[in-house]
Structures are given as C-alpha cells and as structure tokens.
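Please find below a colleague's note on the model, arranged as numbered points.

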Amino acid sequence: MTTNNSVLKWVEKIKEIVNPENVVWIDGSEEQLNNLREEACEKGEIIQLNQEKLPGCYLRRTNPNDVARTESRTFICTKTKDEAGPTNNWWAPEYAYDKLYKIARGSYKGKTMYVIPYAMGIPGSKFSKIGIEITDSIYTVLNMAIMTRVGKEILDNLGDSEEWVRGLHCSCDVDEENRYVCHFPQDNAIISVNSCYGGNVLLGKKCFALRIASYQGKNENWMAEHMLILGIQPPSGEIKYICAAFPSACGKTNLAMLIPPEIYKKAGYKIWCVGDDIAWLRIGKDGRLWAVNPENGFFGVAPGTNEKSNPNALKSTSKNTIFTNVVQNLDDNTVWWEGMDNNPPENAIDWLGNKWNGKLSDKKGAHPNSRFTSPAKNCPCISPEFDNPEGVPISAIIFGGRRAQTTPLVYQSFDWNHGVFVGSAISSESTAASTGKVGVLSHNPMAMMPFCGYNMGDYFKHWIKMGKLLGDKAPKIFGVNWFRVDEDGKFIWPGFGDNIRVLEWILKRCDNKIDAKNTAIGYMPFENDINLEESGVSKETLKKLLNIDKNLWMKELDSIKEFYKIFGDNLSKDLENELNKLKSRLENM
Ligand code: GTP
Ligand code: SPV
Ligand code: MN
C-alpha cells in the first residue's frame, strides 16, 4: 500500500517482534471493514445488534478488569525525568522499550497483525498529522475507523515523509498487572500492552492527539487541548466559536451538542458541534486562535445520555455505532444503560455478560464508564465547518470542573494570564473515566493532568507564551461549574441545555455588550444578566450559584499554593504573581 521506507521498515521491525500469522493493511474500504465486522462477530469479539433498529451497530463487552484508562500505568518516556515533569509517571526510553518489547514479543502468534494508517485532522490541512497503529484487535481497528480518518489515502498523503507517529498495541492477555501505556514524544512513538479499552488503545486519541501532540505543540507554537469546540449561533448574528476544557466525564460531549431550551430555540439560538473531546489550536494568518477537532467520531459516555439530556448524542448512536460495556436487551437485541429511560429491560445481559433483570436487580447493568463510538457525521448538529481544514476562530475558552462547592456557575478572568491561572487551578472530583476511586477532589489543570506529554510546569509557560503571541486577539477566558449541590447533595443548576444561559452571558462579554461585577476571583454576572426565564431556577438559587465564600476561597488558595509547590523553580513567575494577586484580592474582600 505504500513505498514509504520509514513505514515499511518499522512494520517489518514490529512484525519480527510480535510474530503474527499474517499482516493486513487497513485500506479504509467499507468492504474490508465489513469483512472484519463479520470475523469479529464469529470470534465473539463483538455482537451484532438488531440491524433494523440499530443498523451497523455492534456491542462489545471488555474484560471486567479493563474498563477505563489506567493513569497509574501510563508513562511519558523522555530522555530525562525532568522533561516528563512532576505530574507524569516517567521511565527512561531504553528501559520502557525493553520492558514493553519483551511483553510484546511473540504476542501476535497465530493472530493477524493489522496496520492502520490514520490521520488526526483533515488530511492535507496544516493542522493534520499522520499516525500508523499496529494492533491485533479487530475491535480496535473498527473503533479507529470511526474515530479517525483511516486508509490508503492517508499513506498517499504521507508520501515518503518520516514524520508520523508510530503506535503499537498488543492485547496480550489483558493482564492488568502487565498493562502499560508508554509514550516516547522524542521518537513520535507509543506502545500500549495488555489493554483493549478506549483511551488505552485507540492510540490516535489521548496518546497521540493529546500526549504526543501537546509536546509537538510546545515546540511548534500551537496547542493540543482536552477541549470541546462548539459554534453558538445567536438569533441575529454570526456564529461564534468557543472551546471548553472539562476533565473526563465532566460534560464536554453534552455541552458540545447542546439543544437550547424552548425559549432559546424560539428566539433562534442554535449550537453547532465541531468537536467533543480534543482541540488542536493554532494562530491563524489573522492573528486569532483557530481550532480544529482532530477526531472523526465521538467516544462518548453512555450512562446519563437520554432524549432529554443529550438527544443529539442519542441520535448519533442510532447507526454505525459500537457500544462498549452497556446492557444488551435480549427481547429485541438493542442496548440500554442507566439514565437512558425509566424502563430497564427485564430480559437482558449486563456489561459483565451475566443475565440481568433491570426491574429487579440492585446492580448496575451498564458500567459507569460504558461508551458509544459513533461517527461525527451522525450528529444532527454537526457543524458545517467540521471538515474545514482551516478550523474555526475561537472567541472564548472555558475551563470547568466538577465541584460541589466553592467555584461559581461562571466567572471571567481579568486577562489572559489570569485565565491561564484559572485553568491551572482547576480541581475536579474524579469520575469513572479513569480507574480508581470516584468523587475524590484533585487538581486537574486545564483538564490535562493525565494528558500532558511533557513537564506541566513548561506547559503553563507555553500557555503564557501563546497569550503573548496572540496579544489583543487572544480569546477571553472563563471558568464554569455546572455541579454545585445543595445540603442534600442535589445539583442546584439544571445544566445540559440550560447551560446555554451561561454561554449567552459569555458571548455578550466577548462582544463587550454587557457590564460585569468586579470580584476577587474575576468578573462575574450581575444577577439579572443570567436569563432565568423558563429555567425553573429561582433568583435565590442563582445567588447561591454565584456566591463566593471567602473562607472556602482561602482554602482553595492554600490548595493551589500547595499544588504549585510540586513545580518548584519551574513554576511560571506569571502564575505565582496571579496567585499573589488573588490572595490580596481575597484578603481585601
Ligand atoms: P469524556 O468523554 O470522558 O472526556 O467526558 P465528557 O467531558 O465528554 O463528559 P460527558 O458530556 O460525557 O458527561 C459525563 C457525565 O456528566 C454524564 O453522566 C452526564 O450526564 C453528566 N453531565 C454532563 N453535563 C452535565 C450538566 O450540565 N449537569 C450535570 N448535572 N451533569 C452533567
Ligand atoms: C476521557 O477519559 O477523557 C475520554 C475517554 O474521553 S478515553 O478515550 O478513554 O480517554
Ligand atoms: Mn475526554
């Protein structure tokens, strides 16, 4: 399929290590993918669902030990530990290659080795980058074919260039004790062994488009971020684009596909989805910041997705979708998950593969991190700019997290550097998207803690530098929190579609159409400036949502200070300065 020497040599080298029965190059044709779907069904790797109700849809149940990203087993392998920084696990490259090649050696015996050429971004665009993933898992091939642009054209596009990311995935025995995901940013290489789950093995996604790409971006003056991209079309006026970084399972897919509440719909508001998880951001010829979504599909959280919360996501899953670890309804061979509706199937199989009666069982039927893999084109509100090689110009950047207290519904940073501080100070309660305890509060700067491919101290400096390059064309930066709760632990903001009420305020701020309160933590809305019409939210509640509790913020300040300590001398002086300014503003509150 190619005469590119660097590709051919690498494929030969890997072949010698993993020792497959045969080699198949993925050409991207529907015919080849169809044969693979059939083969995977025969082998029991995936299950074909009801083709009338869910055409082109399949179900996959993973090994129960392999249901989320494993951050503790994810490594950045740079020459020095300092290059990986204090927030990443580090191994020396030689050590990691040796250890992982030993695990990989002979592991494809009797199996087929699939070679997947793929592009992140629109092939031919200056934003786009090419990768090749080798895998022994058809499930991985089929997911990559949805999540990225794959096939022969990608190799044609690559020509004889040596600039592409080498990705090796070996399922091995899916042994969690020997599961490792290693990144070699200085070699453009990734090796992942003993997992078959999402972010661990779809190497174009978190491994390439965030960890490797963030490193490339630092060296080439652009940014790879864990951000959704959406276009908001106000009743009269042009579409404005916003990026938002929230940690895993904190609402990116939901915000990216938001359907406005009736009153906004009637007024003429519309949201266009450009991306739901990753943004690559570059400074355009006009000096503004432009974004593309390097992916071609959604790997979305299934539980909680329903006709009310996210109808666009639900529609995206109606065809050509792979469901992972959801409930299989045996009555009509369709799928179900918690939060889909109030009618769980009685005659079903749970994510573990056991018989399950949703009306009687007190156990969950779908895994909390069960997911759907759907083509982006399926989304009813996919932006007409989705395939634009230039991307879209960004007016605002939003940072958010899952916080029961402390951070308000929305606030605006005073300027770019203060905005970088707001992003760097994000804390969030952990979710099921990564292995480990759920609900634990920890720092997750820019929602990139698990995804930054180099020293996060340098990453902060890179953000500061990008602001300097952008100058007065820099997007405005905001903080949001949809997750504040009352004394009973119930969310007090309705969220989902109603989040457009906050986006409206943000847009007005970007357009200088509205004044704001100058507070210790940033600019904040006057209470009448958040439209509550038909929201069911009272003025009282809004007051609570916007409340700044000095004591809690003093504690927040201590926690940020403590977090910053891990960067030692490498902490940006600009951020230290922002921290001190926040301190004095809080003290004077
Ligand atoms: P990743 O794919 O892991 O990066 O997650 P994500 O950031 O795209 O999160 P997603 O939109 O899938 O939402 C994750 C969970 O948060 C789901 O259970 C949603 O129902 C819930 N959620 C999303 N938006 C809101 C909101 O505005 N309010 C509340 N209360 N919950 C929300
Ligand atoms: C996340 O965890 O942020 C995801 C899912 O988007 S995964 O692809 O597994 O990383
Ligand atoms: Mn994500």
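1. How far is an oxygen atom of ligand 2 from an N or O atom in the side chain of Asp 277? The separation is 3.3 Å. This falls under the heading of a polar contact, defined as a pair of N or O atoms within 3.5 Å; within protein, one must be able to donate a hydrogen and the other to accept it, and residues adjacent in sequence count only if both atoms are side-chain atoms.

2. On provenance, this is a predicted model, in which local features need pLDDT of at least 70 and side-chain atom pairs count only at pLDDT 80 or more, while totals for chains, interfaces and linings use all residues. Residues are numbered from 1 along each chain as its sequence is written, chains are lettered from A and ligands numbered from 1 in the order in which they are written, and side-chain values use heavy atoms, with hydrogens and water left out.

3. Two further contacts of ligand 2 deserve mention. A polar side-chain atom of Lys 206 lies 2.5 Å from an oxygen atom of ligand 2, and a backbone N or O atom of Gly 199 is placed 2.9 Å from an oxygen atom of this ligand. Taken alone, ligand 2 exposes 280 Å², of which the protein buries 98% (accessible areas by the Shrake-Rupley method with a 1.4 Å probe; for residues, only the protein chains shown count as cover).

4. The shell around ligand 2 includes Arg 69, His 226, Ser 248, Phe 299 and Arg 371 (a residue is near a molecule or strand if one of its heavy atoms lies within 4 Å of it). By class, the shell holds three nonpolar, four polar and five charged residues (Ala, Val, Leu, Ile, Met, Phe, Trp, Tyr, Cys and Pro count as nonpolar, Asp, Glu, Lys and Arg as charged, and the others, Gly among them, as polar).

5. Ligand 1 is surrounded by 21 residues, the closest being Ala 249, Lys 252, Thr 253, Asn 254 and Arg 371. One oxygen contact, at 2.7 Å, is to a polar backbone atom of Ala 249. A polar side-chain atom of Lys 252 also lies 2.7 Å from an oxygen atom of ligand 1, and an N or O atom in the side chain of Arg 371 is 2.7 Å from an oxygen atom of the ligand. Taken alone, ligand 1 exposes 660 Å², and the protein buries 91% of that.

6. The shell around ligand 1 divides into ten nonpolar, seven polar and four charged residues. Its largest share, three residues, comes from H9 (helices, H or I, of at least four residues and strands, E, of at least two are DSSP runs, numbered from the N terminus).

7. Five strands form an open sheet of mixed pairing, in the order E2-E3-E19-E24-E18 (two strands pair if DSSP finds at least two bridges between them). Strand E2 (47-48) and E18 stand at the edges with a single partner strand each, so one side of each is left without a neighbour in the sheet. Strands E3 (residues 58-60) and E19 (residues 322-324) run parallel and are joined by three bridges; Leu 59 stands opposite Phe 323 in E19.

8. A further open sheet, of four strands, has antiparallel pairing and the order E21-E20-E22-E23. Its edges are strand E21 (334-336) and strand E23 (355-356), each with a single partner strand, so one side of each lacks a neighbour in the sheet. Two bridges connect the antiparallel strands E20 (residues 327-329) and E22 (residues 348-349), and Gln 328 stands opposite Ile 349 in E22.
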